[in-house]
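The sequence and structure are shown below for reference.

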Amino acid sequence: MDNSEKNKRSYSVRMRTFAVIGILMSMACLMTFGAGFTLVEKAAMAPSEIPVKDSVASVEAFKEVYSVLMSPRCMNCHPSGNIPLQGEDSHLHAMLPKRGLDGKGVYSMKCTNCHQPVNTPGLNTPPGNPDWHLPPADMKMVFQGRSAYELAKQLLDPKQNGNKNLKKLIEHADDGLVKAGWNPGEGRKLPPLTHAQFKKAWITWLTTGAYAPKDK
Amino acid sequence: MITLNINKKTHRVDADPNTPLLWVLRDIIGLVGTKYGCGVAQCGACVVHLDGEAVRSCVTKISRAQGKKVVTIEGLSETNSHPLQKAWLDLDVSQCGYCQAGQIMSAAVLLRENKNPSEQDIDDAMAGNICRCGTYLRIREAIQLAAKDQKNG
């Protein structure tokens, strides 16, 4: 074997080694940081922000999230039927307003005919928000009756969550109508956590792997 | 001062922007066809149209009505000839009459959006308008009659 042939073989072995190391490093990165973020999303994060999967922390966080989502302030507008719910006991909304195709009611029974852009003053008067509505008929996003496992899975499924990816889900914690749950008007109980506590639990759940708790 | 467009007329009103539209209609402008029922959007007696939607004027602040078109029962037609008004008379729908302005204004939105409403559509649209005299069956019949009239006319 002459020198040039030896050099060629040595170069080829080195290239293959680099390729294998490269693949292994990529896999290691994906496994370490694989909490559901795309590479682009991760690239935008500071190293300390990149989450690590943690099923225990994730499930614990979702228990807190679930306690809020199943409270009347959230669940009342995520009914299993086509009529919103009302009150601390989540009974059917008086007057039986219907969801309609877009979630904004039907005919003379549209949500914003009574629900103003702000809360109406007085005890148990209609709460308000400029964006008041139910989820639309083609994506009902039902909370009522869902177990923690079912709801967690549903929240992560873009076909059932309003086409939201992880980034959009995280942003949704600050949605105006979500936050309206913490400004319910006179005579209504607040959700069991503050909005800050809810948001922290929501983000923790999502960024530690978004594990769904097992049903008992 | 707040400028309001009511029944195609411009009114300049000296009132707090948080004043309910119903108060301005009845007490300042003098359009008393729209009635006060419950004051908390539960009965439908105060329904008027705001840019075509059947809002409850007892909880709608005049600040929300600014720059929009308000139509009250007095402005539904110029000669009381809206198909619903004619049907209401033909079938003697009203008993005490207190809720009827709100009933007609709600029904008008239904007929605009659905030219041929089924009984279920009528119930869905009118579920928020309460009648203490219980004229519901005549209201439903009158809406069906008005729908036919609208189709033929």
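The sections that follow treat the chains, their contact, the sheet, the packed helices and the cores.

## Model and overall make-up of chain A

The structure is a predicted model. Chain A contains nine helices and four strands. Read from the N terminus, its elements follow the order α-α-α-α-β-β-β-β-α-α-α-α-α.

Of the 216 residues in chain A, 26% are buried. Among contacts in chain A between residues at least 6 apart in sequence, those that join residues at least 24 apart account for 58%.

## Contact between chains A and B

Chain A contributes 18 residues to the contact, and chain B contributes 20 residues. On the side of chain A that touches chain B, strand 4 (109–110) and helix 5 (111–114) of chain A each supply at least two residues. Sorted by class, that side of chain A comprises 10 nonpolar, six polar and two charged residues.

## The sheet of chain B

Chain B holds an open sheet of five strands with mixed pairing, in the order 2-1-5-3-4. Strand 2 (9–13) and strand 4 (53–56) of chain B each have a single partner strand, so these edge strands are left without a neighbour in the sheet on one side. From one strand to the next, the twist averages 40 degrees.

Strand 1 (residues 2–6) of chain B runs antiparallel to strand 2 of chain B, and five bridges join the two. Within this pairing, B:Asn5 has B:Thr10 of strand 2 of chain B as its bridge partner.

## Helices packed on the sheet

Helix 1 (residues 21–29) of chain B packs on the sheet, where it touches strand 1, strand 2, strand 3 (47–50) and strand 5 (69–71) of chain B. The direction of helix 1 makes about 95 degrees with that of strand 2 of chain B. In helix 1 of chain B, the residues B:Leu21, B:Leu22, B:Val24 and B:Leu25 are buried. The cover over the buried residues of this helix includes strand 2, strand 3, helix 2 (62–65) and strand 5 of chain B. Just after helix 1 of chain B comes B:Gly30, with a positive phi of about 90 degrees.

Helix 4 (residues 100–113) of chain B lies across strand 3 and strand 4 of chain B. Relative to strand 3 of chain B, helix 4 runs at about 40 degrees.

## Nonpolar cores

The largest nonpolar core has 50 residues, and B:Leu84 and B:Ile104 have the most contacts inside it. Helix 4 of chain B gives the most to this core, supplying eight residues. Which residues does B:Ile104 contact, leaving aside its neighbours within four places in sequence? They are B:Ile73, B:Leu76, B:Leu84, B:Gln85 and B:Trp88.

A second, separate core has 21 residues. Among them are A:Leu151, A:Ala152, A:Leu155 and A:Trp202.

## A partly exposed lysine in chain A

A:Lys168 lies in helix 7 (residues 166–172) of chain A. This lysine, A:Lys168, counts as partly exposed because it has 13 C-beta neighbours inside 10 Å. From C-alpha to C-alpha, A:Lys168 and A:Asn129 are 21 Å apart in space, while in sequence they are 39 residues apart.

Conventions
Residues are numbered from 1 along each chain as its sequence is written. Chains are lettered from A and ligands numbered from 1 in the order in which they are written. This is a predicted model: local features need pLDDT of at least 70, side-chain atom pairs count only at pLDDT 80 or more; totals for chains, interfaces and linings use all residues. Two strands pair if DSSP finds at least two bridges between them. Axes are lines fitted to C-alpha atoms, for helices over the stretch in contact, and angles run from 0 to 180 degrees between N-to-C directions. Two residues are in contact if their C-beta atoms, placed from the backbone, lie within 7 Å. Ala, Val, Leu, Ile, Met, Phe, Trp, Tyr, Cys and Pro count as nonpolar, Asp, Glu, Lys and Arg as charged, and the others, Gly among them, as polar. A residue is buried if 20 or more other C-beta atoms lie within 10 Å of its own, exposed if 12 or fewer, and partly exposed in between; C-beta atoms are placed from the backbone. A nonpolar core is a set of buried Ala, Val, Leu, Ile, Met, Phe, Trp, Tyr and Cys residues joined through C-beta atoms within 7 Å.
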